[in-house]
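Me: Got a structure here that I'd like to go through. Can you walk me through it, quick and plain?

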Amino acid sequence: MVPSDIKIGKEELNILAYAYDIAIIGKNEIEIRKLFVEMENIARKFRLQINQEKTKYLIVERKNSLKKYKIGHLKIKNYKIERVENFKYLGVILHEENNNQTDLQESTNNANKTYFMLQKFFKNKYISKKLKLILKNTIDKMLTYASEIWTLTKRDRKQMNIFERKVYRRILGPVYKNEKENWRILTDREIYARVKKPTIIETIRINRVCWFGHVQRMEENRIPKRVLYMNLGTTRFIHSFIYYAFCQSIQGQNQTYRI
């Protein structure tokens, strides 16, 4: 059995596994070494081997504390594991500063690539706008993947709205103004009046509410629910304030979207 003495807050959590994607979690290097050796011993019993090239380790710490750690590799038995600044796990990029900016940038880049791939369809006059709007859902999926866990700043929301309107303007095209006898692009209000769909930010908020409801319906021993209600090991005021603020935002979204 893998040791169970590693805790996050007051909850024991030391290993996350989905198929062959395994992440081990520890408070320090000693605990990581113990977990790795134990996992390697168990794998050997089943004639499985850990892939050294794909195995990385990440130190998540405050920004001003990262300078203390200059180690480039972690040596455990015959393994030499590379340290990285960020790592992709199940499609989500985890960063050493514990923020989602790298993951958000990756999603934006993927959405941009998808947009340029679909440009020839958006420019085609023989394809209906209805079908083009359906194709846009592919871009939205790339942009909002794992967005339920994002913390968006005002700048992030602005950038995402600008990108979405750029795609809409390509699909809907310009409008002809008889008074001035020229073509002009659609205003923001005209775009959303025509498509009659929530904005990308509203879509993310709706997804967040859906995820919250999904977690609420989980059994008490499920990890997402335990993490949501766990004691973070901080002061009671800070934990209560964070939880209260999150619940208030969810409640406000429920009223807004009548969920």
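Me: How many helices and strands are in the chain?

Reply: The chain has nine helices and 11 strands. Both are DSSP runs numbered from the N terminus: helices are H or I with at least four residues, strands are E with at least two. This is a predicted model: local features need pLDDT of at least 70, side-chain atom pairs count only at pLDDT 80 or more, and totals for chains, interfaces and linings use all residues. Residues are numbered from 1 along each chain as its sequence is written, and side-chain values use heavy atoms, with hydrogens and water left out.

Me: What share of the residues counts as buried?

Reply: 30% of the 259 residues. Buried means under 20% relative accessible area, exposed over 50%, partly exposed in between (1.4 Å probe, protein chains only).

Me: Which residues touch the most other members in the largest nonpolar core?

Reply: Phe122, Ile139, Leu152, Met160, Phe163 and Val167, out of 16 residues in that core. A nonpolar core is a set of buried Ala, Val, Leu, Ile, Met, Phe, Trp, Tyr and Cys residues joined through side-chain atoms within 4.5 Å.

Me: Switching to Glu40. Is that buried or exposed?

Reply: Buried, because its relative accessibility is 7%. Glu40 sits in helix α1 (residues 29-45).

Me: What does the side chain of Glu40 make a polar contact with?

Reply: The side chain of Lys77, at 3.0 Å. A polar contact is a pair of N or O atoms within 3.5 Å; within protein, one must be able to donate a hydrogen and the other to accept it, and residues adjacent in sequence count only if both atoms are side-chain atoms. Beyond neighbours within four places in sequence, Glu40 contacts Ile50, Lys77 and Tyr79.

Me: Back to α5. Which residues in α5 meet α7?

Reply: Arg157, Met160, Asn161 and Glu164. On the α7 side they meet Ile200, Ile201, Ile204 and Arg205.

Terms used. Contact means heavy atoms within 4.5 Å.
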